[in-house]
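User: Hey, I've got a protein open on my screen and I'm a bit lost. Can you walk me through it?

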Amino acid sequence: MAVYMCRALLPAHAGPCGELGAGPLLRWMDAAACLAAEKHAGVSCVTASMDDIQFEEAARVGQIIAIRTKVNRAFKTSMEVGIKVTVQDVLTNAEKIVSVAYATYEAKPVGGGKVELKPVQLLSAEDHLEHILAIERRIIHLGYVQVFQKLMQESNKEDTCEDKDAVSTEHTHVQSTELVLPPHANHHGNTFGGQIMPWMQTVASISASPLCRSHPILKAINMFKFWGPSFVGDRLVFNAIFNTFHNSVEVGVRVEAYNCEEWIQDQPWHITNAFLIFSALDDKGELLTFPRVKPTTQDGVRRYHKAIARRRILLTRKCMLSAKGDKPSDAWETSNQAYLSYSNIAALTHLAGKPGWDITKTLDNVKIWTHEEGAVLSFKVEMQVKVPSHVAFSLLSNISLRQRWDRHFL
């Protein structure tokens, strides 16, 4: 159930540096993913969320991009759609990955009836792998709130920035208002999600620009979730404010919608939010460093600690991606490895913490434990080694090094 979309990049699609703007790309990605979802469901679908959007290579005017979308797994009424964007140079014929993302779409039959989606047909080894990983990603996303709250408790113990040169976060607040017109609507009559995304990217770029001292480069979008629809005639209000992390900027964008009556009464409803990560380069192509920010209000302190928690989750994922020494351009494969590693570690930690482990053998300071539960027999091997912690991490994180330290591996 794959859908392919190709685009020749024209000057109208480019940003100020001659590269493909994130706005048109997000619009095309959402449209292609929606087509794949509707092809599988056989009914209309709407965007529920788009997670872990990573931007790798830049595409330029004159090049051709290809967008491949495929339903990885169908749940009861929703689907995960994988999105892969590549760029091809017409002169060298070289192909590179531009972006990788995973989106969730909800089936919305005409008339509001209920629909139960059919399973995805698995025709290749890649299909089977993506089908398995889709449920792993779902588990991680469902557990995100619990992990986030734990990290929030830890970050709340830390003091906010006291740097005298730090910039107040309130100085980065940008607000923009858009009127939803008929060209902005999708085939359901709602505001097209692929239109809201570029508007959010624009206001986030404006918020980031003053401290970037250069054109901000969008690197990632996290936690892009739609909470409700908006319609033609609504007013959408975008509020953006940022946090800095040395070489990157996180801009949070919240979108609220009003109809005409609510506009007068100032009674909006929250329709979506996202966190956009930007970087910037100097004249030599080196990453710019940003001044620290300090919150000056109670709400600013809350946002500051939330940003720290999100940053820690992001860094954990990056560590998992780099554990095998993969290159950044291998985003499609490494992101799969990250989700699988994360899920395996969580499952093994849960298993090791269960009561009822019995020691069965001790040999050369190696202890072997067993655990029986129903028809399942699990083994746990415990050994002690005297090496520096950074060496231990290196040995444990790369499975190809296992035989260097584990005499019982074979």
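This is a predicted model: local features need pLDDT of at least 70, side-chain atom pairs count only at pLDDT 80 or more; totals for chains, interfaces and linings use all residues.

User: Okay, contacts it is. What is Ala-280 in contact with, leaving aside its neighbours within four places in sequence?

Analyst: Its partners are Cys-212, Ser-214, His-215, Glu-286, Leu-287, Leu-288 and Phe-290. Take Ser-214: it is 66 residues from Ala-280 in sequence, but their C-alpha atoms are 6.3 Å apart in space.

User: And where is Ala-280 found?

Analyst: In the loop between strand 11 (269–279) and strand 12 (293–294).

User: Is Ala-280 buried or exposed?

Analyst: Ala-280 has a relative accessible area of 0%, so it counts as buried. The cut-off for buried is under 20%.

User: Let's zoom out. How many helices and strands does the protein have?

Analyst: The protein has 9 helices and 15 strands. The chain has 410 residues, and 43% of them count as buried.

User: Where is the place of Ser-99?

Analyst: Ser-99 sits in strand 5. With a relative accessible area of 0%, Ser-99 is buried. Beyond its neighbours within four places in sequence, Ser-99 is in contact with residues including Met-29, Phe-55 and Val-85.

User: How about Ala-8, what's it in contact with?

Analyst: Setting aside neighbours within four places in sequence, Ala-8 is in contact with His-13 and Gln-63. Gln-63 is 55 residues from Ala-8 in sequence, and the C-alpha atoms of the two are 6.2 Å apart. Ala-8 belongs to strand 1 (residues 2–8), and at 47% relative accessibility Ala-8 counts as partly exposed.

User: New topic, helices. How do helix 1 and helix 4 cross?

Analyst: Helix 1 covers residues 22–41 and helix 4 covers residues 193–212; their axes come within 8 Å and cross at roughly 160°. Angles over 145 degrees count as roughly antiparallel, so helix 1 is roughly antiparallel to helix 4. The crossing is right-handed.

User: Which residues make the contact?

Analyst: From helix 1, Ala-22, Gly-23, Leu-26, Arg-27 and Asp-30; from helix 4, Gly-193, Gly-194, Gln-195, Met-197, Pro-198 and Gln-201. They divide into 4 nonpolar, 5 polar and 2 charged residues.

User: Last one: which residue other than glycine has a positive phi?

Analyst: Asn-93 is one of them, with phi near 65°. You'll find Asn-93 in the loop between strand 4 (78–88) and strand 5 (95–107), and its 54% relative accessibility is why Asn-93 counts as exposed. Met-223 is not a glycine but has a positive phi too, about 55°.

User: Where is Met-223 found?

Analyst: In strand 8 (residues 217–226). Met-223 is partly exposed, with a relative accessible area of 29%.

Key: Residues are numbered from 1 along each chain as its sequence is written. Side-chain values use heavy atoms; hydrogens and water are left out. Helices (H or I, at least four residues) and strands (E, at least two) are DSSP runs, numbered from the N terminus. Buried means under 20% relative accessible area, exposed over 50%, partly exposed in between (1.4 Å probe, protein chains only). Axes are lines fitted to C-alpha atoms, for helices over the stretch in contact, and angles run from 0 to 180 degrees between N-to-C directions. Angles under 35 degrees count as roughly parallel, over 145 as roughly antiparallel, 65 to 115 as roughly perpendicular and the rest as oblique. A crossing is left-handed if the near helix is turned anticlockwise from the far one by less than a right angle, and right-handed if clockwise. Contact means heavy atoms within 4.5 Å. Ala, Val, Leu, Ile, Met, Phe, Trp, Tyr, Cys and Pro count as nonpolar, Asp, Glu, Lys and Arg as charged, and the others, Gly among them, as polar.
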